[in-house]
Amino acid sequence: MIPYGRQLIDDEDIKAVSEVLKSDFITTGPKIKEFEKAICDFTEVEFATAVSNGTSALHAIMYAIGIGPGDEVIVPTMTFAASANSVVYQGGTPVFADVKKEDLLIDPKSVEKLITNNTKAILAVDYAGKACDYEELRKIADTHNLYLLSDACHSLGGKYHDRNVGLLADMTALSFHPVKQITTGEGGMVLTSDKELAQKSMFFRNHGITTDYHQREKVGAWYYEMTDLGYNYRITDFQCALGISQLTKFPEWLKARNRIAETYIEKLSDIKGIEPLATDGNIYNAYHLFVIKVASDIRDQLFKEMRDMDIGVNVHYIPVHFHPYYTKKYGSLKGLCPVAESEYEKILSLPIYPSLTEDEQKYVIDTLKKLLAK
Ligand SMILES: *Cc1c(COP(=O)(O)O)cnc(C)c1O
């Protein structure tokens, strides 16, 4: 089976991990800071907090900006459930925004309509690896005094008008799940250029424990205080060693993802009935996913036939407001986001990952051609 995405791990990565396993610190040791610094250098962001996964990164962000009961956060419905769930974890309410037909990214026009007195933030999701319209979103956020947040679990390495992903919002979440750009097995990171928000994320990942240097001096080196409710969202040193090693290869992988995407765009352009998502000359796409649209009445059959041909196509995503958890909570939400709802029935994710060979990609394209010609 050719999957839609997969990790790439070499002997260097394995060596880096095993060195840490043989060392004194396998968690809360020096590799955490080293990985955080490597991501800061790569993204040019000032502060990074490594955590246990992308979902805990999003949760830490909702905590840091003070989301609580009664607060609303605008989230696009075309995303992984975790984007919205992170708001619920803090007792807040996710409000589902519709997406733009051409690239399935959050639609600023939809966002504007959803703002109320309770809105605290907009969470933009860089769906498939393409940065959202941050210029437009920033204007809206500033006008209404909202935080602008970024779920960049798809878009590490992406750029918007020459500015790196990580610098585009007040706080940004990354994921290092195996299908994402680089992996630590499970892992995530919170990025921000605001020192106070960074500090809040840091103590949230460690049970809400603060270790104030002056208090330790006064009371004793054993002293610490738990000042607010946090979680154990720590990542291990051996995971961070993997992340550091992966990051050294990432620039090449990013180029490979773009090469694969360009080949798809070129070779699929002469197949009737296939439409890739819109690209933009001012946005460097990190291509976590390569999503095409086909007619909604053939999508499910095509999905099945591609799977039968050992091509692991997938559908990203079922609109979050369709999930039973949310319909139980809010009642039927059908019709809430008409564009996402209709485009959802057309989308299919094709294989894209750095080690996908030319022959494998040709097989995917030829199979699509054959099946659509039927
Ligand atoms: C993967 C992903 C997450 C969650 O990341 P985990 O590391 O799996 O917890 C959140 N949002 C989006 C858009 C994702 O793709």
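User: What do the side chains of K15 and E19 meet in?
Analyst: A salt bridge, at 3.6 Å from N to O. The term covers a side-chain nitrogen of Lys or Arg within 4 Å of a carboxyl oxygen of Asp or Glu. This is a predicted model, where local features need pLDDT of at least 70, side-chain atom pairs count only at pLDDT 80 or more, and totals for chains, interfaces and linings use all residues. Residues are numbered from 1 along each chain as its sequence is written, and side-chain values use heavy atoms, with hydrogens and water left out.

User: Where do K15 and E19 lie?
Analyst: Both are in helix 1 (residues 11-21), 4 residues apart, about one turn of the helix. Helices (H or I, at least four residues) and strands (E, at least two) are DSSP runs, numbered from the N terminus.

User: And how many salt bridges in the whole structure?
Analyst: The search finds 21.

User: Ligand next. How many residues surround the ligand, and which are the closest?
Analyst: 16 residues surround it, and the closest are G54, T55, H154, S175 and K180. A residue counts as near if one of its heavy atoms lies within 4 Å of the molecule.

User: What is that shell by class?
Analyst: It has 6 nonpolar, 8 polar and 2 charged residues. Here Ala, Val, Leu, Ile, Met, Phe, Trp, Tyr, Cys and Pro count as nonpolar, Asp, Glu, Lys and Arg as charged, and the others, Gly among them, as polar.

User: Which element gives the most to the shell?
Analyst: Helix 3, with 3 residues.

User: How far is the polar side-chain atom of S175 from an oxygen atom of the ligand?
Analyst: 2.7 Å. For D151, a polar side-chain atom lies 2.8 Å from a ligand nitrogen. An N or O atom in the side chain of N53 is 3.5 Å from a ligand oxygen.

User: How much of the ligand does the protein bury?
Analyst: Taken alone the ligand exposes 380 Å², and the protein buries 93% of that. Those areas come from the Shrake-Rupley method with a 1.4 Å probe; for residues, only the protein chains shown count as cover.

How values were computed:
A polar contact is a pair of N or O atoms within 3.5 Å; within protein, one must be able to donate a hydrogen and the other to accept it, and residues adjacent in sequence count only if both atoms are side-chain atoms.
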